[in-house]
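Please look at the sequence and the model below before reading on.

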Amino acid sequence: MEAAVTNTTPAFNATNANALGQCQLCRSMRQTAHVKFARNIGMLVLRQTRRLEANLCKTCASKEFWNFQGMNLLLGPWGVISLIITPIYLVTNTVNYVAAQRELKGAVE
Ligand SMILES: [Zn+2]
């Protein structure tokens, strides 16, 4: 059995996507998209989940995406439940990232 530790980064304000808003990571006024990433860290008998849900600019969204995916691939699948959960996170992160990229296609950085 694995025990789950969940840390969620709260979204401070739910600003409208597509509108010019403040990126919740770099604090600059840019076109933002709502992204939701999750990563799992498997520690054989313990696992830790970290979630990020925020309105991010294009730069921060891709930075965080690769950050989360790297952690998932490197530290993710070390456990019985982790082995099942990590691929799910990898897929949902990719889906969310592609959707955000599409939304921010014409965004000026
Ligand atoms: Zn940003």
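## Terms and ground rules

A residue is called buried if 20 or more other C-beta atoms lie within 10 Å of its own, exposed if 12 or fewer do, and partly exposed in between, with the C-beta atoms placed from the backbone. This is a predicted model, in which local features need pLDDT of at least 70 and side-chain atom pairs count only at pLDDT 80 or more, while totals for chains, interfaces and linings use all residues. Residues are numbered from 1 along each chain as its sequence is written.

## Overall make-up

The protein contains two helices and five strands, where helices (H or I, at least four residues) and strands (E, at least two) are DSSP runs, numbered from the N terminus. Read from the N terminus, the order of the elements is β-β-β-β-β-α-α.

The protein has 109 residues, of which 34% count as buried. Two residues are said to be in contact if their C-beta atoms, placed from the backbone, lie within 7 Å. Among the contacts between residues at least 6 apart in sequence, 72% join residues at least 24 apart.

## The two helices

Helix 1 covers residues 58-75 and helix 2 covers residues 80-103, and their axes come within 10 Å and cross at roughly 170°. Here the axes are lines fitted to C-alpha atoms, for helices over the stretch in contact, and angles run from 0 to 180 degrees between N-to-C directions. Angles under 35 degrees count as roughly parallel, over 145 as roughly antiparallel, 65 to 115 as roughly perpendicular and the rest as oblique. Helix 1 and helix 2 are therefore roughly antiparallel to each other. On the side of helix 1 the contact is made by A61, F65, F68, Q69 and N72, and on the side of helix 2 by T86, Y89, L90, N93, Y97 and A100. These contact residues divide into seven nonpolar, four polar and no charged, a grouping in which Ala, Val, Leu, Ile, Met, Phe, Trp, Tyr, Cys and Pro count as nonpolar, Asp, Glu, Lys and Arg as charged, and the others, Gly among them, as polar.

The 24 residues of helix 2 should span 34 Å, and the end C-alpha atoms of helix 2 are 36 Å apart, which agrees. The buried residues of helix 2 are S82, I85, T86, Y89, N93, N96, Y97 and A100, and what covers them includes strand 4 (33-43), strand 5 (46-56) and helix 1.

Two strands pair if DSSP finds at least two bridges between them, and strand 4 and strand 5 pair in the antiparallel sense over eleven bridges. Eight of the eleven residues of strand 4 are buried, so strand 4 is largely enclosed by the rest of the structure.

The two strands form a hairpin with two residues between them.

Is R30 buried or exposed? R30, which sits in strand 3 (residues 29-31), has 20 C-beta neighbours inside 10 Å and therefore counts as buried. Leaving aside neighbours within four places in sequence, R30 is in contact with L20, C23, C57 and A107. R30 and V108 are 78 residues apart in sequence, while their C-alpha atoms are 7.7 Å apart in space.

M29 also belongs to strand 3, but M29 is exposed, with 10 other C-beta atoms within 10 Å. Not counting residues up to four places away in sequence, M29 touches L20 and Q22. In strand 2 (20-22) lies G21, which is buried, with 20 other C-beta atoms within 10 Å. The C-alpha atoms of G21 and Q31, ten residues apart along the chain, are separated by 5.8 Å. In the loop between strand 2 and strand 3 lies R27, which has a positive phi of about 65° although it is not a glycine.

Methods. Expected span 1.5 Å × (residues − 1).
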